[in-house]
Amino acid sequence: ENTFEIAVIGGDGIGPEVVAEARKVLDAAVAGESARLNYTEYSLGAAHWLSTGETLTEETLNALREHDAILFGAVGADPLDTRVPSGIIERELLLGLRFNLDHCVNLRPTRSFPGVTSPLRGVDDEHPIDFVVVREGTEGPYAGNGGLLRRGTTAEIATEVSVNTAYGVRRVVEDAFTRAQARDKHLTLVHKNNVLTYSGDLWTRTTAAVAESFPDVRWDYMHVDAATIHMVNNPQRFDVIVTDNLFGDILTDLAPAITGGIGLASSGSINTSGTAPSMFEPVHGSAPDIAGKQIADPTAAVLSAALMLDHLGMSEAAERIEAAVLSQLTEWATEGAAGLSTSQRGDAFVARLSG
Ligand code: NAD
Ligand code: IPM
Ligand code: MN
């Protein structure tokens, strides 16, 4: 029997609530497999920082490295909580994990769910949305290369320099082409190369160069502002989108908004070289406005757990979770899930899996 060591970081707000449901579903999904999941919980996040002053220590980071994968909820304080300076948890903990564990591919699939109504015209079961955003995860404007000079004066200068390396861009573009080849063979590079001419040029040339190794994949280029139009007017045109860290962040909040909600959006922060564990996390945050009420939608966390199983090589178990989620969402579309708690929704997925 194969045992996978899973680090669990529930985090803040609704994070622990949705991760608890993901674990229930994982256990039900692997029950029939020859593999076992062994969980180790790590207390990290804004609440942990408030009580210990620690975001992510070297020791914790090293302990996390020993795991096969990380199941992550969400971290971050209520923006109104003035005790927690904006960015400290996000930068030192969440980005600290993504950067230190070299999560170069931030994989964010978006699809129509049967029975879940898209707010867009022209999107129905006959014309579903199904694309994946391959968001660069360790560079770009997120790299932390910047500074603030003459703070508090009228001559203040804030810089935030986008870092794009040939190595970093190339590996993400290659990953995106590989995914496109396994899907509908269409890749769209989204950038802003009409204004960000230095990095835009590197991304565009790299994509053209990598494309030569994937002659069966059609590729095109789109400016990010135009991409927001197309994502609303004709999202069915996308198959695989490859893009920079910040553009990808914004597009992957828009993407679930067009399919039926942030509560359904899953993601994987993937180390493509296998040098450290990948991390699976809902796209949403800690949602302080609904935390502690047991009303958060656990679906995004559950689907992220399915991505984790797929990553660990248990693709059949992953598919069973997806199928269970799809059929349960379809039922709720007609019967309504309103009034069901987070935990009752998790139980319903488990019942589908076991039934
Ligand atoms: P958010 O995603 O937490 O919430 C945005 C809106 O979506 C809120 O109205 C919230 O109630 C709703 N929502 C989110 N997840 C939901 C779910 N599962 N079910 C139902 N509704 C859901 O974004 P925010 O308010 O901008 O950020 C709150 C905190 O989370 C901040 O500290 C932010 O930095 C952090 N954050 C963390 C992550 C992460 O850990 N990966 C991601 C985004 C934001
Ligand atoms: C996300 C979040 C994070 C990001 C923040 C909280 C650092 O918005 O996972 O999309 O910008 O990547
Ligand atoms: Mn985001």
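Reader: How are residues, chains and ligands numbered or lettered?

Author: Residues are numbered from 1 along each chain as its sequence is written, while chains are lettered from A and ligands numbered from 1 in the order in which they are written. In this predicted model, local features need pLDDT of at least 70 and side-chain atom pairs count only at pLDDT 80 or more, whereas totals for chains, interfaces and linings use all residues.

Reader: Which residues of helix 10 are buried?

Author: A residue is buried if 20 or more other C-beta atoms lie within 10 Å of its own, exposed if 12 or fewer, and partly exposed in between, with C-beta atoms placed from the backbone. An α-helix has 3.6 residues a turn, so residues three or four places apart point the same way. The buried residues in helix 10 are Ala317, Ala318, Arg320, Ile321, Ala324, Val325, Gln328 and Leu329. They lie on the same side of helix 10 because they cover an arc (of the directions from the helix axis to the C-beta atoms) of only 160 degrees around the axis. Ser315, Glu316 and Thr334 are exposed on the other side of helix 10.

Reader: Which residues of helix 6 are buried?

Author: In helix 6, these are Trp203, Thr206, Thr207 and Val210. Their arc of only 100 degrees around the axis puts them on the same side of helix 6. The face turned away from that buried side carries the exposed residues Thr197, Tyr198 and Ala209.

Reader: Which residues are around ligand 2?

Author: A residue is near a molecule or strand if its C-beta atom, placed from the backbone, lies within 6 Å of it. Around ligand 2 are Gly76, Glu90, Leu94, Leu95, Asp249, Val283 and Gly285. Helix 4 (residues 88-100) gives the largest share of this shell, 3 residues.

Reader: How many residues surround ligand 1?

Author: Ligand 1 is surrounded by 22 residues, the closest being Gly76, Gly263, His284, Gly285 and Asp297.

Note on methods:
Helix = DSSP H or I, 4+ residues; strand = E, 2+ residues; numbered from the N terminus.
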